[in-house]
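These are my notebook entries on a single structure. I set down what I looked up, in the order in which I looked.

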Amino acid sequence: MARGVRGGVWIGLAAAALVGCAPAGQATASQVEPSDTGPATALPPSTTAGAAASAATPTPTGATAAALPGCTPTTMTTRTVGVLTFGTGPVPDPPWFQSDSPGSGAGFEAAVAASVAAVLGFPPERVVWAAGDSAAALAGAPMSFDVLIDQVRENDWDPARSDASSGYFDLTNALVMPAAQAQTVNPQGVRLDGLVVGAVTGTRSEAWVRERGARQVLPLATAREGLDALAAGDIDALVLPTAQALRDTAGSASVTIVGQLPAGRWQPEQLRLVLAKGSPLTPCVSAAVDRLRVEGTLAELAATWISDPLAPPLR
């Protein structure tokens with residue numbers, strides 16, 4: 001997972017407060033249970049920055065989708081009746097979350113969560129966000145949320161300890177180069193003639209790199225080793241998992257992402273939503289993700305937040 005969890009818990013509503021509008025016997029916003037790990041701190045319903053980011057964001061396609069049969073707020077068992085609670089790390093991590101208010105839908109994972117909720121029939125005012133210890137949730141500890149979305153890779157997930165949905169994002173690899181050299185590369189016809197390219201173990205991109213003329217592919221144990229080699233001029237380019245590349249190049253003026261490499265013949269590892277072991281919500285959440293994929297919403301959101309602005313597909 002890309003974000004470290006520093007403890008503490010917050011809960012915030014994505015839109016208007018529920019006080020005074022909940023059906024009898026249903027918790028209102030002020031009655032939503034706090035996390036099991038500590039006292040809750042209220043989030044603003046929508047910060048100015050979050051609202052502005054949301055206004056500039058295309059409405060997720062799933063926002064207008066009809067609910068899946070058998071998967072509605074009245075038939076699903078959630079932590080709080082009639083409310084869907086998402087959990088994530090407390091530190092906003094672009095491009096996954098662009099705002100301190102994840103309910104704004106700004107950022108790829110924020111938008112995915114909003115779309116999943118919409119397909120399941122939960123309007124924004126019935127979606128709550130909580131922050132907690134994602135590592136503990138993956139280890140099988142009690143969760144203070146219904147669904148975790150926190151850049152959880154398949155390899156981080158233990159099916160004996162928790163449930164996971166269908167994948168919502170393919171973890172491709174990315175080509176990273178010094179900013180000046182990257183400007184000379186044509187994303188639609190990449191050539192690496194005569195270059196020494198570092199590849200972090202497990203990226204599976206050696207064949208693609210060699211096909212584009214690389215003189216040598218240098219295996220590297222870690223991303224840090226690769227970035228240090230790039231900075232020292234020991235290699236001319238570096239292949240990293242895209243999520244890692246987004247994190248390690250953020251705010252850097254010296255290195256940049258040229259783009260995402262094609263997956264090739266391997267099925268890419270995916271990011272998945274995580275739920276409590278045996279959760280009755282798992283089939284519905286997976287069905288919602290599958291629907292968003294088939295309808296093209298996941299591809300649209302990935303293009304909006306990741307591919308178009310940060311890591312275009314390479315040819």
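**Entry 1. Gln151**

I began with Gln151, which is buried at a relative accessible area of 3%; buried means under 20% relative accessible area, exposed over 50%, and partly exposed in between (1.4 Å probe, protein chains only). Gln151 has a positive phi of about 55° although it is not a glycine. I placed Gln151 in the loop between strand S5 (147-148) and strand S6 (162-171). Helices (H or I, at least four residues) and strands (E, at least two) are DSSP runs, numbered from the N terminus.

**Entry 2. Basis and confidence**

I note that this is a predicted model, in which local features need pLDDT of at least 70 and side-chain atom pairs count only at pLDDT 80 or more, while totals for chains, interfaces and linings use all residues. Residues are numbered from 1 along each chain as its sequence is written, and side-chain values use heavy atoms, with hydrogens and water left out.

I then looked up pLDDT, the predictor's confidence in each residue, from 0 to 100. The protein has a mean pLDDT of 79, and 78% of its residues reach 70 or more. Over residues 1-64 pLDDT stays under 50, and the model has 135 contacts beyond four places in sequence for that stretch. Contact here means heavy atoms within 4.5 Å. Where pLDDT is low, the predicted coordinates should not be read in detail.

**Entry 3. Arg153**

I next turned to Arg153, which is found in the loop between S5 and S6. Its relative accessibility is 25%, so Arg153 counts as partly exposed. Which residues does Arg153 touch, not counting those up to four places away in sequence? I listed Leu171, Pro241, Glu269, Gln270 and Leu271. With Glu269 there is a polar contact, side chain to side chain, at 2.7 Å. A polar contact is a pair of N or O atoms within 3.5 Å; within protein, one must be able to donate a hydrogen and the other to accept it, and residues adjacent in sequence count only if both atoms are side-chain atoms. I also recorded the C-alpha to C-alpha distance from Arg153 to Phe169, which is 9.5 Å for residues 16 apart in sequence.

**Entry 4. Strands S6 and S12**

I checked the pairing of S6 with S12, which run antiparallel and are joined by 7 bridges; two strands pair if DSSP finds at least two bridges between them. Ser162 stands opposite Ala276 in S12. Strand S12 (residues 269-276) is largely enclosed by the rest of the structure, because 7 of its 8 residues are buried.

**Entry 5. The disulfide**

I searched the whole structure for disulfides, meaning pairs of cysteine sulfur atoms within 2.5 Å, and 1 was found. Cys71 is joined to Cys284, S to S 2.1 Å. The pair links distant parts of the chain, 213 residues apart: Cys71 is in the loop between helix H1 (48-55) and S3, and Cys284 is in helix H8 (residues 282-294). The link of Cys71 and Cys284 is left-handed, with -80° about the S-S bond. Both Cys71 and Cys284 are buried.

**Entry 6. Val285**

I stayed with helix H8, where Val285 is found. Val285 counts as buried at 1% relative accessibility. Leaving aside neighbours within four places in sequence, Val285 is in contact with Leu120, Val147, Ser165, Leu273 and Leu275. The C-alpha atoms of Val285 and Ala117 are separated by 8.7 Å, although the two residues are 168 apart along the chain.

**Entry 7. Aromatic pairs**

I counted rings of Phe, Tyr and Trp (its six-membered ring) as paired if their centres lie within 6.5 Å; planes under 30 degrees apart count as stacked, over 60 as edge-to-face and the rest as tilted. By this rule the count comes to 6 aromatic pairs. One of them, Phe86 with Trp129, is stacked, at 5.2 Å centre to centre and 25° between the planes. Phe86 lies in strand S3 and Trp129 in strand S4 (residues 127-131), so the pair ties together parts that are 43 residues apart in sequence. Phe86 and Trp129 are both buried.

Trp96 and Phe108 form an edge-to-face pair, because their ring centres are 6.0 Å apart and their planes stand at 70°. Trp96 is in the loop between S3 and H2, and Phe108 is in helix H2, 12 residues apart. Trp96, Phe108, Tyr168 and Phe169 form one aromatic cluster.

Pro95 lies in the loop between strand S3 (84-88) and helix H2 (108-119).
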